[in-house]
Amino acid sequence: MINADLSAGATVTNLGSSFLERLGNQASNGFNRMSRNIPGGGGASEATEAPRFRTWFEGYGISARNDAIGDFVGDRRKIFGGVAGFGTRLAPGVNVGFSVDQSHTDIDVPLALQSATIDLTQFGFNASVDAGPWTWASAIVHGVGNINSRRDTGLGFATAGYNARLDGVISEISYYWSKDQYRIVPKGAFEYVRARTGSLQEFGGLDPVMATGASVERIRVLVGAEVGRYWIFDQKILDISAYGKLVDNLVQNFSDITVSLGSQSITFQGIGESQYGADAGASASLSLSNTARVYLNYDAKFRAASQSHQGTVGVEFKW
């Protein structure tokens with residue numbers, strides 16, 4: 001069984017979900033929404049015209065693991081990546097953005113003496129509409145990448161290279177409620193992701209195998225809320241927020257993966273998440289001026305047999 005191949009398929013799917021949810025948060029985050037509607041996020045006169053364009057840059061790291069599930073022995077993953085994006089206001093309350101996410105993943109499956117790397121490029125488009133206290137946001141993502149696997153056969157390493165693709169969409173509705181410098185933002189989202197990995201043929205080692213391509217489809221809903229507060233000092237704005245979401249994976253479909261060695265073959269299915277889970281996180285943002293902001297984000301995902309922790313540092317400029 002090629003555990004690293006199963007892990008790679010699940011990882012590509014989760015990377016797509018993570019990017020989609022970050023894009024959705026660009027619009028539904030309470031402080032970002034306030035900044036769009038009140039110049040300077042409350043630190044400038046309402047008569048001041050808000051900047052029309054913005055660009056942002058992020059660097060992030062993820063530590064994740066899957067526990068053993070059936071024949072899958074479990075894995076550990078380390079992911080590093082960066083994001084660059086550009087956005088604009090098309091009309092009052094109507095905003096769009098485009099961004100690119102480049103990531104590198106190291107997968108380790110120690111109990112199976114297997115490992116893999118994934119280099120994935122994702123292209124994302126997001127849009128939002130503010131109407132009174134309501135915000136509707138959506139995002140679409142397309143990703144392409146390459147996977148390289150390595151398996152210790154005892155008499156050398158069997159290696160393989162193959163491709164990966166993903167497509168996803170998310171739609172989110174949120175309601176912004178505030179009192180003084182405090183806010184509560186209930187949210188609900190619908191997400192769809194489809195990921196595909198190509199067929200592989202190992203080379204080298206003892207008894208190299210081949211495996212068919214695989215696909216994963218996932219539909220889920222996320223419901224939760226954000227709470228936050230901001231402080232104004234020295235013409236700067238410090239904002240602190242936290243969120244929690246309940247996750248229901250309504251549908252998870254996996255294609256069969258057939259692994260062949262000569263005339264012998266065996267069939268497996270991909271690995272997914274538990275039906276129910278929870279996401280949680282926190283953010284700290286410091287607006288240095290009406291046109292520059294730095295921020296830190298922490299995001300965690302908890303499932304019955306897996307969890308991940310992500311840290312992000314970013315900078316945003318407006319004009």
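Predicted model: local features only at pLDDT ≥ 70, side-chain atom pairs only at ≥ 80, totals over all residues.

Biologist: Which residues form a nonpolar patch on the surface?

Modeller: Val 129 is one of them, together with Trp 134, Trp 136, Ile 173, Tyr 175, Trp 177, Ile 184 and Val 227. Their accessible area together is about 730 Å². Strands S5 (134-152) and S6 (157-175) are the elements that give two or more residues to the patch.

Biologist: On to helices. What's the general idea there?

Modeller: An α-helix has 3.6 residues a turn, so residues three or four places apart point the same way. Now take the case here: helix H1 covers residues 3-28, which is 26 residues. At 1.5 Å a residue, H1 should span 38 Å, and its end C-alpha atoms are 37 Å apart, which agrees.

Biologist: How many residues of H1 are buried?

Modeller: 24 of the 26, so H1 is largely enclosed by the rest of the structure.

Biologist: Next, charges. How do I read a salt bridge?

Modeller: Side chains of opposite charge can pair when their charged atoms come close. A search of this whole structure finds 21 salt bridges.

Biologist: Pick one for me. What does Arg 54 form a salt bridge with?

Modeller: Glu 316, with the closest N and O atoms 3.0 Å apart. The pair links distant parts of the chain, since Arg 54 is in strand S1 and Glu 316 is in strand S17 (residues 306-318), 262 residues apart. Arg 54 is buried because its relative accessible area is 18%, and Glu 316 is buried too, at 6%.

Biologist: And what else is Arg 54 in contact with, leaving aside neighbours within four places in sequence?

Modeller: Besides Glu 316, the list includes Gln 26, Gly 85, Phe 86 and Gly 87. Phe 317, Lys 318 and Trp 319 are also among the contacts of Arg 54. Strand S1, where Arg 54 has its place, runs over residues 53-66.

Biologist: Back to Glu 316. How far apart are the closest N and O atoms in its salt bridge with Arg 293?

Modeller: They are 3.0 Å apart. That pair links distant parts of the chain as well: Arg 293 is in strand S16 (residues 292-303) and Glu 316 in strand S17, 23 residues apart. At 9% relative accessibility, Arg 293 counts as buried.

Biologist: What about Lys 187 and Glu 226?

Modeller: Those two form a salt bridge whose closest N and O atoms are 3.2 Å apart. Lys 187 lies in strand S8 (residues 182-197) and Glu 226 in strand S11 (residues 214-233), so the pair ties together parts that are 39 residues apart in sequence. Lys 187 counts as buried at 9% relative accessibility, and Glu 226 counts as buried at 2%.

Notes:
Residues numbered from 1 in each chain as written. Heavy atoms only, no water. Patch = residues over 30% accessible without salt bridge, like charges linked within 9 Å, V, L, I, M, F, W, Y side chains within 5 Å. Areas by Shrake-Rupley, 256 points an atom, 1.4 Å probe, with all protein chains shown as cover. Salt bridge = Lys/Arg side-chain N within 4 Å of Asp/Glu carboxyl O. Helix = DSSP H or I, 4+ residues; strand = E, 2+ residues; numbered from the N terminus. Expected span 1.5 Å × (residues − 1). Buried < 20%, exposed > 50% of the residue type's maximum accessible area, 1.4 Å probe, protein only. Contact = heavy atoms within 4.5 Å.
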